[in-house]
Amino acid sequence: MAVATILSEIEYTDVLAVYVLERDRQLGRQSVEALGPPWWEFFHFELIRKLVDDADLSIFGAIFEFNPPSSKESSADNAPRFVIAFRGTITEKETISRDIALDLHLVQNGLHRTSRFTIAMQAVQNVASVFPGSNIWLAGHSLGAGMAILTGRNMVKKGVLLESYLFNPPFVAAPIERISDERVKHGFRIARSVITAGLAIAMKGKGEGSSQRSVAEDSFHILSSWTPYLFVNPGDHICSEYIGYFQHRKNMEDLGAGFIEKLATQNSIGDLFYKALGWESEPLHLLPSADLIVNVSPSPDFKYAHGISQWWQPELNLQCSKYRYSVGA
């Protein structure tokens, strides 16, 4: 995978452009004063539509169309025709209230119940239906990565696989990956897997959602055909748990506990708790397959480790791993 090309020429640009679009709106920058257009125009993208939140009227996403010069068309065969990008949280007075509220919905596995998701989902569906067969990519950072995961998952269930690039995607769980002692870390992961699997079996045994578990299992198998690219940083507790989430599967198989981990990887303690209370829950971080790109370059602080600008640095030290879920496992 040409990681540097992907980062520099496509996804980073479009996601950052959405941030700049919203700041242009907040600061009243228009026409020649606007800073957004140079970002996408330099890479031959055209802004097709802004995605606007119905609560605070902020720009949270955008649809871009790739229009390479005729001289470069042959080298752009694998490039997308459309990129639908979503920004993360902006801590400015115009957006912080709405964005934080959405962050809380995400933590409670309830982002799918928000109007912002409805707008995003309709936009993605419209592009896919109007331009069937076109190469459509999703991209997002932080909260926006969560939005991209949610729309991508729903499109998979409709039979449409969209290439997706997710920067610092949120993983709603205790940040075990931050524990420095490997034995302690591994012990915590085994304990969490056993508890999660036990709760899933208990709910099924009591008849409290046996059909739900069957649907969840089928859904996980369907999602296994979708392989998003996850860009994470070990110094970012919001996304770092993806590292252990995928690595732990093999560790459990090596211990002969593959059955336990199969149940655990399809469920989360929070999701089981919410469903036991009768609440609708959709945890975004339960992904069967992924290409995981880890930035192991030194990060001075959390702000840098979670920031999108890190993926633009020229001397990145990246570790890339492919994880594929076996339906028959």
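A polar contact is a pair of N or O atoms within 3.5 Å; within protein, one atom must be able to donate a hydrogen and the other to accept it, and residues adjacent in sequence count only if both atoms are side-chain atoms. The structure is a predicted model, in which local features need pLDDT of at least 70 and side-chain atom pairs count only at pLDDT 80 or more, while totals for chains, interfaces and linings use all residues. Residues are numbered from 1 along each chain as its sequence is written, and side-chain values use heavy atoms, with hydrogens and water left out.

The chain as a whole comes next. Its secondary structure amounts to 11 helices and 8 strands; helices (H or I, at least four residues) and strands (E, at least two) are DSSP runs, numbered from the N terminus. Of the 329 residues, 51% count as buried. Here, buried means under 20% relative accessible area, exposed means over 50%, and partly exposed lies in between (1.4 Å probe, protein chains only). Contact means heavy atoms within 4.5 Å. Among the contacts in the chain with a separation of 6 or more, 74% are between residues 24 or more positions apart.

To return to His306, this residue belongs to helix α11, which covers residues 302-306. His306 counts as buried because its relative accessibility is 12%. A polar contact of 2.8 Å links its side chain to that of Ser142. Setting aside residues up to four places away in sequence, His306 touches His141, Ser142, Asn168, Asp236 and Ile238.

Helix α4 (residues 115-130) and helix α5 (residues 143-157) have axes that come within 10 Å and cross at roughly 50°. This angle makes α4 oblique to α5. The axes are lines fitted to C-alpha atoms, for helices over the stretch in contact, and angles run from 0 to 180 degrees between N-to-C directions. Angles under 35 degrees count as roughly parallel, over 145 as roughly antiparallel, 65 to 115 as roughly perpendicular, and the rest as oblique. The crossing of α4 past α5 is right-handed; a crossing has this hand if the near helix is turned clockwise from the far one by less than a right angle, and is left-handed if the turn is anticlockwise. On the α4 side, the contact is made by Arg116, Phe117, Ala120, Met121, Val124, Gln125 and Ala128, and on the α5 side by Leu143, Met147, Leu150, Thr151, Asn154 and Met155. These residues of the contact between α4 and α5 divide into 9 nonpolar, 3 polar and 1 charged. In this grouping, Ala, Val, Leu, Ile, Met, Phe, Trp, Tyr, Cys and Pro are nonpolar, Asp, Glu, Lys and Arg are charged, and the others, Gly among them, are polar.

Leu106 is found in helix α3, residues 96-107, and is buried at 7% relative accessibility. Its C-alpha atom is separated by 8.1 Å from that of Val172, 66 residues apart along the chain. Apart from its neighbours within four places in sequence, Leu106 is in contact with Leu111, Leu143, Gly146, Pro170, Val172 and Leu284. Thr114 lies in the loop between α3 and α4 and is buried, with a relative accessible area of 5%. A polar atom of the Thr114 side chain lies 2.8 Å from the backbone oxygen of Leu111. Beyond residues up to four places away in sequence, Thr114 touches Leu102 and His105.

Two further residues are also buried. Tyr323 sits in strand β8, residues 318-323, with a relative accessible area of 18%. Tyr323 and Ser289 are 34 residues apart in sequence, and their C-alpha atoms are 5.3 Å apart in space. His248 lies in helix α8, residues 241-254, and its relative accessible area is 4%.

Finally, two loop residues have an angle worth a look. Ser31, although not a glycine, has a positive phi of about 50°. This residue lies in the loop between α1 (3-27) and α2 (36-42) and is exposed, with a relative accessible area of 65%. His44, also not a glycine, has a positive phi of about 65°. The loop between α2 and β1 (45-52) holds His44, which counts as partly exposed at 28% relative accessibility.
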